[in-house]
Amino acid sequence: MRRRLAAGLALLVLIFGIFSIRLFQIQGVDAQAYAAMAVEAGTATSVVPAPRGQILDRSGEALAASVDGMTITADPSMTSAHAPKIAKILIDELGEDQLDYFETIDDLRKPNSRYLVLVRDVPAEDAQRATKAVRDADLTGIFTEKVALRSYPGGRLAANLLGYTDGEEKGVQGLESQYDSFLTGTDGSATYEVSPSGQRIPMADSTVQEMVPGSDVETTIDRDLQWYSDQRLADAVRSSGSDWGLALTMDVRTGQVVQLSQAPTFDPDSKESMEDHNTVSRYVQTVYEPGSVMKPITMAALADQGEITPDTQISVPSHLVIDKFRIADHWDHGRINLTAAGVIAQSSNLGTIIAAQQMDDDTMHDYLAKFGFGTKSGVELPGESQGILPDPSGWSRANHATISFGQGVSVTAMQMIRAIGAIANGGVMVEPSVVEGFVGPDGEKTAAKETKTRRVVSKEAASQVTRMMEAVTADDGTAPAAQIPGYRVAGKTGTAWRVNPDTGKYVRGQNTVSFIGYAPADKPRFVTYVVLDKPHRNAGGGSTAAPVFHDIMSMALERFGVPPTGSKPPKVAQDW
């Protein structure tokens, strides 16, 4: 008996000893580690999303902004018993486009799960209404998490410039993509104590790591002018039956693009009917042959060399055969006598070819390169093309001839407006821009970049070409529809054969028509370029694109308070 008692006592002492040693380890040696584990077991951490920066117009109006949204989640251990009832309530409140009834029931009954996402990116008001309806039915297990949703207050307004974001708030196209690192903020977090049921304990300790909002991007776009131009261009594309259209307006002095329209376009809010053909930024990504809007560039190169003036006499034949190719004008005529101004005013291909023969291949190529063709515009938008300017070593006589009037060379609209803008700006090219600067979370403003300029032709050469281009908008020119009462307008029409992208060959009867011009011609402020691709057969730059130019330029001059200069355009002889 004594031995059994002694053995039992020894066993008890051993057991108590083991517990004592373990207790000493927990409370003394590993106290902090176990305390942390206890806290962690009774805490929850949630992300505090940082709002994405806004994209603003030049007056500070929001073109893209972040609004409050919510993700709706569920705890299946709490919803399993009443899954059908909860699913019906949620679908009644949110709609069948957000949730599928049977899939939702399966999610709400998911075994061995305490957390799953039912639907993401729900407007805060809708999410709160849905969760309240669940609570009002005395049901539990449905929760919400705050998220930031991207919103575009103008809908389709400047959509191709702004771009859009994906489900993770990552910029996909346009400014959203180009300046994603500036717009994206740094998320914060909140850690707080919870009860065994997962509910937050009021007044308990919590730790918050502050989020840092993204920076705002200030654009050069004028919202009202943009809206009007979007509508006017869309109407022109519909009425002319064009595949697509572009309209751009740039301040010739600063390079700031104040309006940038494209049709057809898309709605980045609904993301409906989003396809490659309407989400691409055509003004920097689509290349095409510009046609006769290139003729002022040829004339500027000649004038800069002292080879031509508006009054230079040019004898224009009925046609030319070069490298076995027959080239003619857009109207039938015998031999006619035109001045250089008349060649531009009447848009004579033959007159331009004859004038351009005073330059060899290398010289013409060098001037085209100086005007920015074959290089990116510097506007800093994603996916920009540098166009196609063939190396002069491979030019034939026919290449030299057709390139002089805008066929055989491919450009983007941004390159074209930059080049003509240089003539308007007295021969000085200004790099175009669509972003003026950034506003940080602390309100500090920083400039986007320093504007780059360079002289491409002399001031006198630019002035002479302006006189030629004013003849285009005269009553006897090819684009009297571009006239703006009270203002002198210089411009040029363009009609180019379209190239079939599959065969690489021209398609007769299919054209790209355009008009580019600036005003006031004697003190230029804005240059506007309108392009319509594949309109109906009878469409021309003067009849189809020039009226769009007239309307957009008229509003730009009015919006920015540009007064008429009061001078009359000089009379320039078109023939001799």
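Predicted model: local features only at pLDDT ≥ 70, side-chain atom pairs only at ≥ 80, totals over all residues.
1. Helix H10, residues 223-240, packs against H20 at an angle of about 170°, and their axes are 10 Å apart. With angles over 145 degrees counted as roughly antiparallel, H10 and H20 are therefore roughly antiparallel to each other.

2. Who touches whom here? On the H10 side you'll find Asp224, Leu225, Tyr228, Ser229, Arg232, Ala236 and Ser240. They meet Thr544, Pro547, Val548, Asp551, Ile552, Met555, Ala556 and Arg559 of H20. Sorted by class, the contact of H10 with H20 comes to 8 nonpolar, 3 polar and 4 charged residues.

3. H20 turns up again at the second largest pocket. This helix, spanning 541-559, supplies at least two residues of that pocket's lining. So do strand S13 (325-327), helix H17 (397-404), strand S19 (490-499) and strand S20 (506-519). Which element gives the most to the lining of the second largest pocket? That would be S19, with 5 residues.

4. Some numbers for the second largest pocket: the volume is about 1,100 Å³, and 34 residues line the space. If you want to centre your view, pick Ala328, Asn349, Phe405, Gln407 and Trp497, as these lining residues lie nearest the pocket's centre. The lining of the second largest pocket divides into 20 polar, 9 nonpolar and 5 charged residues.

5. How many cavities of 30 Å³ or more does a search of the whole structure find? The count is 2. The largest cavity holds about 50 Å³ of space, while the second largest cavity has a volume of about 30 Å³.

6. Around the largest cavity, look for Tyr179, Val379, Glu380, Ser433, Val434, Val435, Ala448 and Lys449. By class, the lining of the largest cavity has 5 nonpolar residues, 1 polar and 2 charged. Glu380 and Lys449 are among the lining residues, and Glu and Lys both count as charged.

7. The second largest cavity is lined by Ile297, Thr298, Ala301, Met359, Met364, Tyr367 and Leu368. Two elements give two or more residues to the lining of the second largest cavity: helix H13 (295-304) and helix H16 (361-370). As for class, the lining of the second largest cavity has 6 nonpolar residues, 1 polar and no charged.

Key
Residues numbered from 1 in each chain as written. Heavy atoms only, no water. 1 Å grid on protein atoms, 1.4 Å probe; cavity = no way out; pocket = protein on both sides within 12 Å on 5 of 7 lines; lining within 4 Å. Points joined across faces, edges and corners; volume = space filled by probe spheres on them. Helix = DSSP H or I, 4+ residues; strand = E, 2+ residues; numbered from the N terminus. Axes fitted to C-alpha atoms, helices over the stretch in contact; angles between N-to-C directions. Parallel < 35°, antiparallel > 145°, perpendicular 65-115°, else oblique. Contact = heavy atoms within 4.5 Å.
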